[in-house]
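Subject: Structure handover

Hello,

Please find the structure below, for you to look over when you have time. My notes come after it.

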Amino acid sequence: MIDLHTHTRFSDGSLTPTEVVELAAREGLSAVAITDHDSIDGVAEALAAGERLGIEVVPGVELNLEHEQVTLDLLGYFFGRCPGEEMQAELAELRRYRDERNARILARLAELDMPIDPDELAAIAENGAAGRPHIGEAMRRAGYATSVGDAFARYLRRGAPAWVDRRRLSLAEAVRLLRDAGGLPVIAHPGIIRTDHAGLTALVREATRLGVVGLECHYPLHDDATVARCRALCERFGLTPTGGSDFHGAMKPDIHIGRADGGRPVPDVLLEGLRRRAAEVAGHT
């Protein structure tokens, strides 16, 4: 069992990188990828924990994109311990925009008579990178919502009163950034991308042309039919299927590390396929 999609306090998870790796080891995983949003700052700590515990840690990142008015996320793997200056600078810029977005969300909540103290938000994030899940938790603690899910449903989701959009890279920009850093770009959770099957097929076709190498077929919100459709797209476009839980710790308490569609374990063979693709890419550079 493996997990190729997890988050730590360096983005919007509740655990440190060490704690994520320790949990993965306790749950019997053989490998875990750290894929924080717009950040690789937790990778070195996770790698050290992996070496100590005898579990493979895959360096990763997750980027938010937009392509022809469709938003999606792109996972990047195997870019190494020290990506280039361009990637580091772009990630820092994306985090700066995220902080600005948080401030604008808090301002909107204040206008709705639901003020949140920024220091309280920082404490909830334990001085890590704060995001909407942490804002939702702050709202729960303040009595503005019954749960983080309730906060999202009524105030923080797209189109809700406190929604603020974020800066996104284009698909081409994100793929180039990851490939130039030696990474493998993989489309995250295609089954929840807001488009129909024809739109997803067109998106995957263009992404493949640009250099995407994989598709996250196995994901907690994918049913069996979605997994089958994603697998068929992999076959059609020569992509590598991957899978992960999108683990966030207490921020998403119903998600369990190493588990994807239907609560089934994410199979080890998916990482083997990704390793083969990494070797192929390395052989052509």
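The notes below cover the strands, the nonpolar cores, some helices and a few single residues.

This is a predicted model, in which local features need pLDDT of at least 70 and side-chain atom pairs count only at pLDDT 80 or more, while totals for chains, interfaces and linings use all residues. Residues are numbered from 1 along each chain as its sequence is written, and side-chain values use heavy atoms, with hydrogens and water left out.

Strands

Helices and strands are DSSP runs numbered from the N terminus, with at least four residues (H or I) for a helix and at least two (E) for a strand. Two strands are taken as paired if DSSP finds at least two bridges between them. Strand β1 (residues 2-6) runs parallel to β2, and three bridges join them; Asp3 has Val32 of β2 as its bridge partner. Strand β2 (residues 31-34) is also parallel to strand β3 (residues 56-67), through four bridges, and here Ala33 is partnered by Val58 of β3. Both faces of β2 are covered, with Ala31 and Ala33 on one side, Val32 and Ile34 on the other, and all of them buried. Buried means under 20% relative accessible area, exposed over 50%, and partly exposed in between (1.4 Å probe, protein chains only).

Strand β6 (residues 184-187) pairs with β4 and with β7. With strand β4 (residues 70-77) the sense is antiparallel, over four bridges, and Leu74 has Ile187 of β6 as its bridge partner. With strand β7 (residues 214-218) the sense is parallel, over two bridges, and the partner of Val186 is Gly214 in β7. Leu184 and Val186 point one way from β6, Pro185 and Ile187 point the other way, and all are buried.

Nonpolar cores

A nonpolar core here is a set of buried Ala, Val, Leu, Ile, Met, Phe, Trp, Tyr and Cys residues joined through side-chain atoms within 4.5 Å. The largest has 48 residues, and Leu63, Met87 and Ile187 have the most contacts inside it. Helix α7 (residues 171-180) gives the most to this core, with five residues. Another core lies apart from it and has 18 residues, including Ile105, Leu121, Tyr155 and Leu156.

Contact means heavy atoms within 4.5 Å. Leaving out residues up to four places away in sequence, Leu63 touches, among others, Asp38, Leu72, Leu74, Leu91, Leu169 and Leu177.

In helix α5 (residues 132-142), Pro133, His134, Ile135, Gly136, Glu137, Ala138 and Met139 are buried. The buried residues of α5 pack against α3 (85-111), α4 (118-124) and α6 (148-156). Just after α5, Gly143 takes a positive phi of about 85 degrees.

Cys234 is buried, because its relative accessible area is 4%; Arg236 counts as exposed, at 54% relative accessibility. Not counting residues up to four places away in sequence, Cys234 is in contact with Leu215, Cys217, Leu239, Thr240 and Pro241, and Arg236 touches Thr201 and Arg205.

Positive phi and rings

Most residues other than glycine have a negative phi. Asp38 has a positive phi of about 55 degrees although it is not a glycine. Asp38 is in the loop between β2 and α2 (43-53) and counts as buried at 1% relative accessibility. For Asp246, phi is near 65 degrees, again a positive value in a residue other than glycine. Asp246 sits in the loop between β8 (240-243) and α10 (269-283) and is buried, with a relative accessible area of 5%.

Arg96 lies over the face of Tyr97, at 4.9 Å from the ring centre, and Arg101 lies over the face of Trp163, at 4.9 Å from the ring centre. A charge sits over a ring if NZ of Lys or CZ of Arg is within 6 Å of the ring centre and within 35 degrees of the ring normal.

Regards
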